[in-house]
Amino acid sequence: MEKKELYVLTGFLGAGKTSFLLNILDNIKDKKIGIIQNEFGKINVDGEIVRRNGIEMTEISRGSIFCSCLKLSFVQALAEMSKKDLDYVFVESSGLADPSNIEEILNAVSIMAGDSYIFKGVICLIDGVNFPNQVKDVETVDRQLAHCNLAVINKVDLLDLSELEEVKNIVRGVNPICMISTASYGKIDLSFLSEDLTSLKWAEYEDSLNTVDNKPKTISLETGEILSKEILTNFLKKVLPDCYRIKGFFKLDDGWQQVDVVEELIDYKLTSEREISELVFLSKTSPQIIRTIDKAWKEIVDKPMKLRN
C-alpha cells in the first residue's frame with residue numbers, strides 16, 4: 001500500500017479551517033481522502049458540514065488532540081487511518097489546539113503504524129481581520145503560527161493592502177521562514193500539495209499548552225422551538241462576550257440555518273433539515289457560561305430548552 005500524505009490544519013477559532021478543507025475536497029475529487037476532525041464540544045458541527053460520501057472520517061471531540069486527555073486517541077486514529085487505501089489524510093484540529101508537540105505524536109504513530117505516512121506539514125489558517133488582536137491576547141495563536149510550515153491568511157477580501165501588509169509583518173515576526181499564502185473563503189491555489197513544506201520549519205518541539213487543567217468549558221443548547229432570526233440574534237449577542245465561539249444548526253421561521261459566530265460577526269447560512277436545533281458554546285468563563293446562557297435565554301427567548309455538557 002502506498003504511503004499517505006499527511007497534513008495537519010491549525011488556526012484559531014473562525015479562521016476558516018473547514019472552508020479550506022472543503023475547497024480541497026472540491027478540487028482533488030480524483031483522490032482518496034481521509035479526515036480526522038477535532039472539536040472541543042460534544043457536537044461536531046464541522047464534521048456535519050464536511051461529511052461526504054467516499055470520505056473516510058474520524059471525529060475526536062471534547063478536547064484538543066494535542067492534550068494528554070486525547071493525545072492517545074489521536075495517535076490511535078492515525079494508526080487506524082493508516083490501514084485504509086488513501087492518498088491524503090487531513091487533520092483539522094480545534095481552534096484552541098496548540099500543535100507544539102506534533103513531532104512527539106508523529107513518532108508514536110510511526111511506532112504503532114510503521115512507515116505509513118509522509119508528513120507534508122502543518123498549515124495554519126489565519127483570520128486576516130481579527131488576527132492582529134488575537135495574536136496579542138491568545139498565546140495559542142502564537143504557538144499555532146510558530147509551529148506551522150505554511151501560513152494561509154484568509155479573508156483577504158475584507159482587507160486593504162496596508163492591512164494585509166500589517167498581517168504579513170506580524171506573521172514574519174512570529175515565524176520568519178514559513179511559506180505565506182492568501183485566501184478568501186478558504187480558497188487558495190493547491191500547488192502547495194507538491195511542495196515539501198516540512199523544510200520550512202522554525203520552532204522546535206515543546207510541550208503543548210493544551211492540558212486537562214486549562215481545557216475550556218463547552219456547553220450545548222438543544223431546543224425544539226422555532227425562533228425568528230431577530231430573537232436568536234439578540235440572544236447570541238447577549239452571550240457572545242463570554243464565548244470564544246458559538247456554532248451549530250437552528251430552525252428559524254425562514255428555515256434551517258447553520259449558525260456561525262466569530263468575534264462580533266453572526267453568520268447564518270441555509271442548511272439541510274435536522275432533528276433538533278443545537279448550538280455549541282465554547283466558553284471564556286468556564287462554568288459561569290451556564291448561568292450566562294440560561295439567564296439570556298430566559299430574558300430574550302423564554303421557551304423550553306436543555307443545556308448539556
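The expected span of a helix is 1.5 Å times one less than its number of residues. Helices (H or I, at least four residues) and strands (E, at least two) are DSSP runs, numbered from the N terminus. The model on your screen is predicted, with local features needing pLDDT of at least 70 and side-chain atom pairs counting only at pLDDT 80 or more, while totals for chains, interfaces and linings use all residues. Residues are numbered from 1 along each chain as its sequence is written, and side-chain values use heavy atoms, leaving out hydrogens and water.

**Stop one: H9.** Select residues 288-300. These 13 residues should span 18 Å, and the end C-alpha atoms are 19 Å apart, which agrees. Now color Ile 289, Thr 292, Ile 293, Ala 296 and Trp 297, which are buried (under 20% relative accessible area; exposed is over 50%, partly exposed in between; 1.4 Å probe, protein chains only). Look down the axis: the buried residues of H9 fall within an arc of 120°, so they line one face (the arc is that of the directions from the helix axis to the C-beta atoms). Turned away from that side are the exposed Arg 291, Lys 295 and Lys 298. Among the packing partners of the buried residues are helix H8 (229-239) and strand E9 (243-252) (contact means heavy atoms within 4.5 Å).

**Stop two: H7.** Move to residues 161-174. Leu 164, Val 167, Val 171 and Val 174 are the buried residues here. They cover an arc of only 85°, which puts them on the same side of H7. Leu 161, Ser 162 and Gly 173 are exposed on the other side.

**Stop three: His 147.** Finish in the loop between H6 (139-146) and E6 (150-154). His 147 is buried, at 8% relative accessible area.
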